Amino acid sequence: MKTITFVVLAAAGALFMLRTVRGPSLSARVIGMDGMIVVGVGAIAADAMYRADGIYLPTVVVITLVGFVSTAASARFIERRELDADADADGDGVADADGVGSAGSAGREDHPGGRS
Amino acid sequence: MAQVFVLAGAVLILFSALGVTRFNDVMAQMHFLSKATTLGIVVLLVGAALGMDSANDWTSLLLAAFLQMMTSPVSANLISRSTYLRERRVHEASETGAVDDVSTGRTEISGS
């Protein structure tokens with residue numbers, strides 16, 4: 001029972017990590033990270049129950065709160081980052097904020113100050 | 001009894017992870033993350049609280065379950081709202097940006 005529980009939690013964490021690595025948008029990556037935080041909380045709680053030792057249980061409460069704060073901060077970041085309209089030059093939903101995008105840097109070099 | 005609850009919560013979290021991995025829409029993923037994961041972690045934490053003897057331990061686990069139930073809809077709403085606003089803004093920028101590019105190019109050429 002113990003082994004099955006932890007194997008199931010590890011599989012869930014691996015799937016959330018797959019979504020985090022492969023997610024096409026930033027929101028999908030935030031969703032995957034939130035899921036991994038939940039899996040970590042569940043693993044700590046299950047481990048505390050199986051060992052009958054509650055020394056890590058304040059960590060469960062703290063990780064829950066920190067996970068919520070991180071998700072809220074990520075949501076604010078997603079919303080705030082789109083205020084500059086030229087962050088996504090090619091319009092594929094992925095912002096080219098780092099300047100290495102396909103159409104963003106070339107367009108700015110060809111037409112300096114063209115799209116304002 | 002407690003181990004059955006913990007295993008059921010872990011299986012619910014695994015189903016949520018399967019849904020998050022299979023669906024490619026952010027709103028569908030948020031649907032799984034906000035409902036199945038919340039139910040799974042609450043069942044898991046309540047099951048772990050049933051297996052604890054000390055009052056300090058199971059009150060911590062029930063506090064964590066309560067906080068998870070309070071904060072999970074709020075975070076799901078924040079992520080969904082920011083995703084919706086970003087997609088709408090990207091859509092408008094792609095439409096008006098293309099029109100502006102073509103129109104300003106033509107007016108500049110015809111004016112000069």
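User: Among contacts in chain B between residues at least 6 apart in sequence, what percentage join residues at least 24 apart?

Analyst: The model is a predicted one, and the secondary structure of chain B consists of three helices with zero strands, in the order α-α-α along the sequence. When the contacts of chain B between residues at least 6 apart in sequence are taken together, the part that joins residues at least 24 apart comes to 66%.

User: And what is the corresponding percentage in chain A for residues at least 24 apart?

Analyst: Chain A is built of four helices and zero strands, which run α-α-α-α from the N terminus on. For its contacts between residues at least 6 apart in sequence, the part that joins residues at least 24 apart is 31%.

User: What percentage of the residues of chain B count as buried?

Analyst: In chain A, which has 116 residues, buried residues make up 35%. In chain B, which has 112 residues, the part that counts as buried is 41%.

User: Which element of chain A has the lowest mean pLDDT?

Analyst: Chain A averages a pLDDT of 79, and 70% of its residues score at least 70. Over residues 99–116 of chain A the pLDDT stays under 50, and the model has 16 contacts beyond four places in sequence for this stretch. Where pLDDT is low, the predicted coordinates should not be read in detail. H1(A) has the highest mean among the elements of chain A, at 94, whereas the lowest mean, 42, belongs to helix H4 (residues 104–110) of chain A.

User: Which element supplies the largest share of the largest nonpolar core?

Analyst: The largest nonpolar core has 49 residues, and those with the most contacts inside it are A:Ala45, B:Ile13, B:Ala48 and B:Leu61. Helices H1, H2 and H3 of chain A and helices H1, H2 and H3 of chain B each supply at least two residues of this core. The largest share, 13 residues, comes from H2(A).

User: Which element gives the most to the side of chain A that touches chain B?

Analyst: The contact takes 46 residues from chain A and 50 residues from chain B, and H1, H2 and H3 of chain A each supply at least two residues of the chain A side. By class, that side has 29 nonpolar, 11 polar and six charged residues. The element that gives the most to it, with 15 residues, is H2(A).

User: Are H2(A) and H2(B) roughly parallel or roughly antiparallel?

Analyst: Residues of H2(A), including A:Val38 and A:Ala45, meet residues of H2(B), including B:Ile41 and B:Ala48, and by class this contact has 15 nonpolar, five polar and one charged residues. The axes of H2(A) and H2(B) come within 10 Å and cross at roughly 10°. Because angles under 35 degrees count as such, H2(A) and H2(B) are roughly parallel.

User: Is B:Thr21 buried or exposed?

Analyst: B:Thr21 is found in helix H1 of chain B, and, not counting residues up to four places away in sequence, B:Thr21 touches A:Leu15, A:Leu18 and A:Arg19. Because 21 other C-beta atoms lie within 10 Å and the cut-off is 20 or more, B:Thr21 is buried.

Definitions and conventions:
Residues are numbered from 1 along each chain as its sequence is written. Chains are lettered from A and ligands numbered from 1 in the order in which they are written. This is a predicted model: local features need pLDDT of at least 70, side-chain atom pairs count only at pLDDT 80 or more; totals for chains, interfaces and linings use all residues. A residue is buried if 20 or more other C-beta atoms lie within 10 Å of its own, exposed if 12 or fewer, and partly exposed in between; C-beta atoms are placed from the backbone. Two residues are in contact if their C-beta atoms, placed from the backbone, lie within 7 Å. A nonpolar core is a set of buried Ala, Val, Leu, Ile, Met, Phe, Trp, Tyr and Cys residues joined through C-beta atoms within 7 Å. pLDDT is the predictor's confidence in each residue, from 0 to 100. Ala, Val, Leu, Ile, Met, Phe, Trp, Tyr, Cys and Pro count as nonpolar, Asp, Glu, Lys and Arg as charged, and the others, Gly among them, as polar. Axes are lines fitted to C-alpha atoms, for helices over the stretch in contact, and angles run from 0 to 180 degrees between N-to-C directions. Angles under 35 degrees count as roughly parallel, over 145 as roughly antiparallel, 65 to 115 as roughly perpendicular and the rest as oblique.
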